[in-house]
Amino acid sequence: FDSVVFPYREDCGDIHPLFAGLSGLLKTVNKEMPDTRVKVVDFSYKQPKKSIERITELFLNELLCDNTRCEVGYKNKKRYGLSMKTSIADRTQQIISPKDTLLVTGGAGGITYEIIKKMVEKYKVNLIILDINDIYSTDQKYLDKTSTQAELMGLLKEDMPGVKPIEIKRALDRLMRVRLSLENIEYLESMGVSVEYNCVDVTDAKAVKKAVDKHEQIDGVFHAAGMEMSQFIPKKELWSFELVVDVKVKGMQNLLAAFKDRKYKYFFTFSSVTARFGNEGQVDYTSANDFLGKTLFRQKQLHPERTYKVYAWTAWGGVGMATNPTVKKVLEERGIQFLPMEQGVKFFMADLLDKTESEMVFSGLDYSFDKDGLLGDPGDMAFPFLDTPIEKTPAGMTYSRVLDVERDVFLHDHTMEDVPLFLGATGIETMAEVARSLSEDKAHFVELTHFQIPYGIKLLKGRPKELLISGDHEEDGVFKCRITSQFKNPKGLVMGEPKLHYEGQYRFAQKPLKPKKIKLPQFNRVSFEGDLETLVYNPKRLFMFGLFNTITDINSFDGKTLITTIEDKSKKEFFKGVKEPRFVAAPILVDAMFQTGGLLEFFTTSRTVLPFKIKSLKFYKDVERNREYFCITKKITSGIETNTYDLKLTDKKGNVFIEVSRFEMVKLNQLDPEDRIVDRVDFTFSNKKQGAKVK
Ligand SMILES: NC(=O)c1ccc[n+]([C@@H]2O[C@H](COP(=O)([O-])OP(=O)(O)OC[C@H]3O[C@@H](n4cnc5c(N)ncnc54)[C@H](OP(=O)(O)O)[C@@H]3O)[C@@H](O)[C@H]2O)c1
């Protein structure tokens with residue numbers, strides 16, 4: 001009752017965290033045993049005994065229904081489920097005051113250390129750390145800063161005769177952790193704050209109380225100690241289950257008991273995305289984290305004057321328990337997106353300025369992990385090229401988006417010598433989405449200007465690539481947008497300056513542009529050898545396939561103006577599991593228009609060209625799938641490095657849908673003779689001035 005789905009509502013009854021612990025456990029059962037029906041049904045009834053018949057009926061219906069959602073709830077005849085919404089910290093309410101004293105469990109290393117380091121830097125907080133390793137009783141000979149791991153291994157072998165190598169390796173790992181903890185504490189102290197380290201097992205109530213009681217004032221608690229011992233249910237042993245649960249849950253209960261009659265302002269704890277999604281091999285860890293989160297929610301119910309926060313992290317990259325090679329491999333295989341360390345710290349620090357939410361889940365859009373559909377239907381995403389909002393300023397927003405060939409399957413249809421390339425049109429779409437996210441009631445994208453691609457985006461070796469997409473309010477309805485990326489070393493540390501890939505200025509309006517109609521030019525017959533698809537879509541010429549196979553006919557050409565028929569007709573998925581995403585700037589047809597510039601060159605100069613700049617791209621009307629359009633492509637100039645074209649997308653009556661003025665394409669290589677098609681295309685037209693037939 002009131003412990004699984006309803007704690008997220010203001011009017012929730014008394015929360016019983018143990019039920020959340022059970023729910024966490026069952027979410028993993030649901031994943032590990034796919035043939036077993038697993039249901040957790042939360043009820044919110046003020047007097048459950050009086051409604052027992054109704055509750056029983058609802059419970060049985062839920063068990064027998066077709067819906068596979070594991071966690072559901074019932075209240076006032078309504079069925080409830082959980083869903084997550086993206087949001088960004090408000091940054092208007094400071095939780096921590098400078099020089100606060102903070103008690104942190106498990107803070108001498110891992111992700112917690114990275115976070116408290118930043119807290120010390122910003123708020124000069126004094127720290128009381130409770131961690132399990134007895135770092136001060138370690139023999140000095142193991143602490144010489146100059147000794148290498150190999151030397152330490154040698155020392156341990158000498159001191160542990162007859163001990164199995166695996167045990168010695170464990171001792172070495174522990175020693176490395178101790179050395180790191182000492183180094184970390186030294187660094188924290190060097191920032192001019194007091195740091196007290198207590199060797200305390202948080203599952204030991206007396207030891208926790210003793211460490212707390214030494215201090216007259218502690219302003220906040222941060223329970224981050226945790227253990228993870230992945231093992232599938234049939235092989236899970238009770239002692240390890242209890243250990244993993246106890247560090248989190250008993251640890252929290254012991255802290256709450258020790259702080260029972262004390263004044264403090266805030267309580268934070270660290271949970272995991274597994275608490276929301278369940279995870280194979282982590283039945284205990286999932287249970288512990290969900291139990292922990294709802295214990296915190298219960299405290300919030302009892303003490304609304306305090307700030308309570310539970311951070312459910314996805315796996316961090318570069319630091320902490322998910323860097324264990326086995327854990328990392330498994331998570332990577334499950335398609336989990338790792339959170340770069342710097343980003344995680346940034347999220348946490350921003351959230352310290354927001355008192356509104358109590359549970360924050362920091363997750364990639366890991367749909368394959370999300371059995372209950374908390375992330376929603378990927379096909380309904382308002383902005384499929386924007387994932388995580390990472391920065392909000394008075395002028396605008398920055399989002400992060402990881403391009404990944406597994407999810408962004410469209411990239412397979414645009415590869416140059418097997419290297420997936422982000423398209424000019426997908427760049428335009430991506431920035432249009434950030435602009436639309438800011439444009440409020442101005443819902444119509446009407447014009448893009450000042451567009452350029454200083455540096456294209458490639459997925460080398462098919463590796464995922466994180467893009468940062470920013471939009472800033474320039475004037476009414478106008479947004480300056482850009483896509484950048486930041487190189488990071490394997491530890492997730494930022495290296496060098498961000499690289500600018502795309503930029504452009506977007507105009508949105510409440511109404512669409514006034515309709516425009518043109519008189520279609522007279523067509524000049526074109527004939528070509530063989531079939532159109534092989535002629536056009538050859539990887540040496542236009543290296544797009546499938547989804548972007550959009551030029552369906554060549555209607556006219558006179559050496560300067562090319563008229564083609566184009567249609568978005570593919571039935572393939574654009575993103576994994578999504579065939580018809582919601583787009584702002586029609587990337588498939590805009591790309592089709594861009595392709596015609598390339599085609600015009602193959603008919604004349606045999607040169608490959610790529611999109612580079614646009615003076616103006618106007619949207620007059622929404623385009624549709626499975627509908628034929630004409631694309632009228634006129635070559636305006638040919639410079640040293642670029643060619644310039646004007647393009648119009650019209651219907652057969654000349655109604656203009658999209659108009660691109662001064663589209664510059666950068667000249668690349670000349671095609672190899674065997675790839676040229678100039679001789680396979682015939683076009684004749686009357687040159688009125690000269691009165692001659694030109695071929
Ligand atoms: N890293 C991630 O990707 C990630 C993701 C989701 C959630 N989290 C959560 O974030 C927290 C910190 O994780 P981390 O990656 O930084 O892990 P970590 O490096 O293993 O740090 C956890 C710390 O807690 C200590 N600890 C374990 N049992 C204890 C006990 N009984 N009493 C006192 N201290 C104890 C550990 O000591 P030992 O070193 O001796 O074990 C270690 O110092 C954990 O609660 C974890 O569940 C982490």
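The legends below describe close-up views of a predicted model.

Local features need pLDDT of at least 70 and side-chain atom pairs pLDDT 80 or more, while totals for chains, interfaces and linings use all residues. Residues are numbered from 1 along each chain as its sequence is written, and side-chain values use heavy atoms, without hydrogens or water.

**View 1. The largest nonpolar core has 78 residues.** A nonpolar core is a set of buried Ala, Val, Leu, Ile, Met, Phe, Trp, Tyr and Cys residues joined through side-chain atoms within 4.5 Å. Buried means under 20% relative accessible area, exposed over 50%, partly exposed in between (1.4 Å probe, protein chains only). Phe 410, Phe 422, Ile 428, Tyr 506 and Leu 617 have the most contacts inside this core. Helix 14 (residues 587–604) gives the largest share, 10 residues. Helices (H or I, at least four residues) and strands (E, at least two) are DSSP runs, numbered from the N terminus. Domain 3 (391–509) and domain 4 (526–694) each supply at least three core residues; their bounds come from an automatic or database domain assignment. Another core, of 47 residues, lies apart from it and includes Cys 12, Val 212, Ala 225 and Ile 336.

**View 2. Contacts of Phe 422.** Contact means heavy atoms within 4.5 Å. Leaving out residues up to four places away in sequence, Phe 422 touches, among others, Phe 385, Leu 403, Phe 410, Ile 457 and Tyr 502. His 414, Gly 427 and Thr 430 are also among the residues it touches.

**View 3. Lys 75 and Asp 11 form a salt bridge.** A salt bridge is a side-chain nitrogen of Lys or Arg within 4 Å of a carboxyl oxygen of Asp or Glu. Here the N to O distance is 3.6 Å. Lys 75 sits in strand 2 (residues 71–75), and Asp 11 in the segment before helix 1 (17–32), 64 residues apart. Lys 75 is buried at 10% relative accessible area; Asp 11 is partly exposed at 41%.

**View 4. Asp 100 pairs with Lys 265 in a salt bridge.** The closest N and O atoms are 3.1 Å apart. The partners are 165 residues apart in the chain. Asp 100 is buried at 4%, whereas Lys 265 is partly exposed at 33%.

**View 5. Arg 401 meets Asp 387 in a salt bridge.** The N to O distance is 4.0 Å. Arg 401 belongs to strand 14 (residues 396–403), and Asp 387 to the loop between strand 12 (359–362) and strand 13 (388–392). Arg 401 is buried at 0% relative accessibility. Asp 387 is buried at 8%.
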